[in-house]
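Me: Please take a close look at the aromatic rings in this model. I would like to know how they are placed against one another.

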Amino acid sequence: MTSWERFQQEVVHGNVVLNFTSFPKGDLGVYAHAYQQAANSLVKEFRGKPYYSDAEACPIVFLYRHSVELYLKQIVLWGAGLVHLQTGDALDVHGLFSTHEFKLLLLHVRKVFEVAGWLNSSESAPKYGTFAEIESVIMEFEKIDPQSFAFRYPIDKKGDAPLPEHFHFNVVKLGEEMDQLLRMLDGAATGVYEQFQFLAREYHNMR
């Protein structure tokens, strides 16, 4: 039996193909968007329910958080090239794919936004928002779930609750805020890629 043969069908609908590009790191944004869409769908379903379980919020929060993480890593990945071409500096991206901490990722994203010209002025890139606007929402996650653990398990590695007692929030409000944030991150990731590609072509043509 080949890999996952039991889950394969001859019919077309329902079939998917993953890992078919020559540069999988470039798919971070694609995966981020998929998690975003999944979370949005769950929030929409949640909104329409007359009754729900509190625990139903956990996969929603995790999906949104993971989407944010992937978008940030995509921005850093393309941004490292942009920063190097613009300034000659090198972003230290060692361990980029082994960390879940937004605080560390945001340090790199701030540098990328600065080089891209988006750090303080949303007028230059209104669909991206300013770094401060993006950081303020993301740090709410960092405060409560720095290791992407709190909404995946009811206990941490020590057996203690990872969330404060009676931790409460509104899922619909969360969904509204997160969808807006993720749209900005998606735009920023695309913008960084376009700037990097433009400068790379200019650099190549000058040689």
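Predicted model: local features only at pLDDT ≥ 70, side-chain atom pairs only at ≥ 80, totals over all residues.

**Aromatic rings**

Reply: Both Phe113 and Trp118 are buried. A search of the whole structure gives 11 aromatic pairs. One of them joins Phe46 and Tyr52: the ring centres are 4.3 Å apart and the planes stand at 40°, so this pair counts as tilted, because planes under 30 degrees apart would be stacked and those over 60 edge-to-face. Phe46 is buried, with a relative accessible area of 9%, whereas Tyr52 is partly exposed at 46%. Back at Phe113 and Trp118, the ring centres lie 5.4 Å apart with the planes at 90°, so that pair is edge-to-face.

Rings also gather in a group here: Phe23, Trp78, Tyr193 and Phe196 make up one aromatic cluster. The charged end of Arg65 sits over the ring of Phe102, at 4.0 Å from the ring centre.

Buried residues account for 37% of the 207 residues in the chain, Phe46 being one that is buried. Among contacts between residues at least 6 apart in sequence, 69% join residues at least 24 apart. The C-alpha trace spans about 60 × 45 × 35 Å along its principal axes. The chain exposes about 13,300 Å², of which carbon and sulfur atoms supply 55%.

Conventions. Residues numbered from 1 in each chain as written. Heavy atoms only, no water. Phe/Tyr/Trp six-rings, centres within 6.5 Å; stacked < 30°, edge-to-face > 60°. Buried < 20%, exposed > 50% of the residue type's maximum accessible area, 1.4 Å probe, protein only. Lys NZ or Arg CZ within 6 Å of the ring centre and 35° of its normal. Contact = heavy atoms within 4.5 Å. Areas by Shrake-Rupley, 256 points an atom, 1.4 Å probe, with all protein chains shown as cover.
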